[in-house]
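Visitor: I am new here and would like a friendly tour. Could you show me what we will be talking about?

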Amino acid sequence: MTTDRHQLLTFTNDPYSDRVTSQWTHQDDDKENVKHHEDKLDQQPLIPREKRRLSALMASSHEEVDLTPRPKKKRRQEPDEIDPPEYSSPMPAPSEDAASEELESHHSGRLSPTKQLAFLEDSSKPVIYCDLASTLAEIPEDVHTLCNDVQELADGVGVIGFKPDELASVTDLNDGGLDSRDRKRLRYPWANDPIQRLKTGKMVPLVEVQRIVASAIRFEEKRAHETTWNEGIHLAVINAALTASTHVTSLAIANVKTASIDPPELANQKLAKRVVDYAIVLQPNQAIENAWDKLQPIGTASVKSWNHTTSAEIRSTPITISIETKAPNKSWTDGKAQIAIWTAALHKRLSVLQQPGQGSLHIPAMPLLIVQGHDWYLFVVSQQQPSLSEKKKRKLTTVIWQKIDIGNTRNCFDAYKLLSVLHLIMDWAYRVWRPWFMELIGWMDDD
């Protein structure tokens, strides 16, 4: 009896798994089908799996054959037949390199941010978090001064700079989306100080602040993704502050989401090379540009950079303030680990910039920002020099002082507190950090 081969049994050879798929398409003439394929065994080579399957089929040819279609079964391979996937590698023996890989990414679940912070504390150049009310370390004078100035604004003192007639028109609005609490709080006598407030920047228009607040509330209600928060709220706040800042032409905003620490030896090799999201950077003046011409790459870096990253966007613009941002549901501790790793690497880079033979470098207290959804917090990082009697007992320690709640985007009054603090630390970047940095690299500008 002549029968089309494809009506009986279809073999599909998979070159990657050596699997054979068979499917019966007719339930008649079972014995003829078996006989047909018994003859086929002498005409084409079959792998052992095929032979076993057909032998079993022929052995049961006198019994009723169940031709119900079945799902494909995965062929079980013997251990010596299994090839490892392309992305796998042999398991290395425990080593420091393995420990480094284990810590490479918190998102992969390999190490918690808490343990990352513990590694920082135990490193040869410790980095620790310390509460401002703690007695574990003495607060340096520059940290004390900066925190006091910030705290006053965070308490709402002098955060707005409306003229009397402007303030009356703003607080008398019963529509336009101004919250009743805002109308009351904007009338606080200690909140309005045009002379002092306008020294660091102009008032951001109320309509712009209202738009940011409304968007932030909507993002939280919709459980928006972190990227949406970053671009729609966090960056919008920083942009609004810089645009109104007294130093708008001397500073810039840099997106450092994709920047990595480079050269990698600037970071503790046992820690992931984590990055932050944004940075406030100095716009180079002539002195910085002249020094740039003489700057050379360090370590294993292939290109030169003022910073601890060779990212093309910011390598020629010195970082002054680093900002780590999170969505409302993201880990707060994760942000602390990221900015601690980033800051420790920056300090190490700055120490390499000084003129050779100058001894230890004193780095001014630096403000850092961590943002979680609506809420913005300020930290201050300083280097603690051990006293003469303690030099043998203590190592040079980087302390990150935490934290001051500087405002949020839940209402306009708290948003103005936030903007006033941003203006204050941008003023610090220009008045304190810029001259210090230029003195640090001044030896490169000497002809």
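**Charged pairs and a sheet**

Guide: Let us start with Glu324, which counts as buried at 1% relative accessibility; buried means under 20% relative accessible area, exposed over 50%, and partly exposed in between, with a 1.4 Å probe and protein chains only. This is a predicted model, where local features need pLDDT of at least 70, side-chain atom pairs count only at pLDDT 80 or more, and totals for chains, interfaces and linings use all residues. Residues are numbered from 1 along each chain as its sequence is written, and side-chain values use heavy atoms, with hydrogens and water left out.

Visitor: Which residue forms a salt bridge with Glu324?

Guide: Side chains of opposite charge can pair when their charged atoms come close. A salt bridge here is a side-chain nitrogen of Lys or Arg within 4 Å of a carboxyl oxygen of Asp or Glu. For Glu324, the closest N and O atoms are 3.3 Å apart, and the partner is Lys326.

Visitor: Is Lys326 buried or exposed?

Guide: Its relative accessibility is 6%. That value makes Lys326 count as buried.

Visitor: How many salt bridges does a search of the whole structure find?

Guide: One of them joins Arg181 and Asp179, with the closest N and O atoms 3.0 Å apart. Arg181 is partly exposed at 47%, and Asp179 is partly exposed at 29%. For the whole structure, the search gives a total of seven.

Visitor: How many residues apart in sequence are the parts that Asp414 and Arg185 tie together?

Guide: The side chains of Asp414 and Arg185 meet in a salt bridge of 2.9 Å, N to O. Asp414 lies in helix 14 (residues 412–440) and Arg185 in helix 8 (residues 180–185), so the parts tied together are apart in sequence by 229 residues. Helices are DSSP runs of H or I with at least four residues, and strands are runs of E with at least two, numbered from the N terminus.

Visitor: Which residues are linked with Arg185 in a network of salt bridges?

Guide: Arg185 is buried, and so is Asp414. The network joins Arg185 to Asp414 and Lys417.

Visitor: Which strands are the edge strands of the open sheet of seven strands?

Guide: The strand order is 3-9-8-7-6-5-4, with mixed pairing; two strands pair if DSSP finds at least two bridges between them. Each edge strand pairs on one side only: they are strand 3 (127–131) and strand 4 (251–255).

Visitor: What is the bridge partner of Ile253 in strand 5?

Guide: Strand 4 and strand 5 (residues 278–282) pair in the antiparallel sense over five bridges. In strand 5, the partner of Ile253 is Ile280.
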